[in-house]
Amino acid sequence: MSKLATEDEFLDLSDYGRSIAKLFANGLKNTRFTPIHVTLAFGVCGLIAIYCILQNHYFLASFFIILKSIIDAVDGELARIKNTPSYVGRYLDSVFDIILNFLFFGTICFVSKTSLGMTLIAFFCIQLQGTLYNYYYLILRHNSAGGDKTSKVFEDKSPRALPGETQKWVNFWFKIYTIVYGVFDKIIHVLDSDAYKVKTLPNWFMTFVSLFGLGFQLLIIAIMLSLGWIDMIVPFFIFYSILIFVFIGIRKVFIK
């Protein structure tokens, strides 16, 4: 967990592929592959998983969903190994994630008996869940000694381009990012506007909140697909959102 100081590291249930991601990244460090190439690769994995769902190959779809989740961690590791941080890469990664999530749920709706309305609610819920995890995680990173501060707690303006990227593309991808994520960021901030004032967030708390991490969400989808429970995926993630209020309540009462 290289984004945090040692004392702030926690068991991230959504980051189960990190050790494998590091192996992949180390294997790519002396090649021409860039973090953005890796981002494109996990996008391809996601599209293959969607195709497998359409063909009713749910076990194979589960494999590619997990592979996508692992590769999703490789781009960041490769950027750190090559010392090539990039705002373009970070925004592109996040935009790809939300697009794939939308396509995953749209495909599940098409194949299963789930209604479109329920599917849209579930998609909104899964994004809100992930935003809460990212909100707390970014606060922890910014308060952690030597923590990675490439990402911001509040994305209110386009950052200055880093070496190797142009301001034009940073501005473009920042705009796209704020369009697709802005509403979720605002909702979570309204629900827990004082969270950024805490000095730190306990390891045990972050471990529980990591149940909302994208990696863990995808793991749940993969397990449910492999078990043939495709009709239950949408209602599960709607119900799962109850934990949003549980986590925020715990933070407000016990962590100040």
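## Exercise 1: the start and length of a helix

Ser86 caps the N-terminal end of helix H4, with a side-chain oxygen 3.3 Å from the backbone nitrogen of Val88. Helices here are DSSP runs (H or I, at least four residues), numbered from the N terminus. Before going on, note that this is a predicted model, where local features need pLDDT of at least 70 and side-chain atom pairs count only at pLDDT 80 or more, while totals for chains, interfaces and linings use all residues. Residues are numbered from 1 along each chain as its sequence is written, and side-chain values use heavy atoms, leaving out hydrogens and water.

Task: work out what span helix H4 should have at 1.5 Å a residue.

Step 1. The expected span of a helix is 1.5 Å times one less than its number of residues.
Step 2. Helix H4 covers residues 87-111, which is 25 residues, so it should span 36 Å.
Step 3. The end C-alpha atoms of H4 are 36 Å apart, which agrees.

## Exercise 2: covered or open?

Step 1. Buried means under 20% relative accessible area, exposed over 50%, and partly exposed in between (1.4 Å probe, protein chains only).
Step 2. Asp97, in helix H4, has a relative accessible area of 9%, so Asp97 is buried.
Step 3. Look for contacts (heavy atoms within 4.5 Å): not counting residues up to four places away in sequence, Asp97 touches Phe42, Lys68, Asp72, Tyr181 and Leu214.
Step 4. Ile99 also lies in helix H4, but at 43% relative accessibility Ile99 counts as partly exposed.
Step 5. For the helix as a whole, 18 of the 25 residues of H4 are buried.

## Exercise 3: a salt bridge inside a helix

Task: find which residue forms a salt bridge with Arg80, and describe how the two are placed.

Step 1. A salt bridge is a side-chain nitrogen of Lys or Arg within 4 Å of a carboxyl oxygen of Asp or Glu.
Step 2. The partner of Arg80 is Glu77, with the closest N and O atoms 3.4 Å apart.
Step 3. Both residues lie in helix H3, 3 residues apart, about one turn of the helix.
Step 4. An α-helix has 3.6 residues a turn, so residues three or four places apart point the same way.
Step 5. Compare the cover: Glu77 is buried at 5% relative accessibility, whereas Arg80 is partly exposed at 30%.

Conventions. Helices (H or I, at least four residues) and strands (E, at least two) are DSSP runs, numbered from the N terminus. A polar contact is a pair of N or O atoms within 3.5 Å; within protein, one must be able to donate a hydrogen and the other to accept it, and residues adjacent in sequence count only if both atoms are side-chain atoms.
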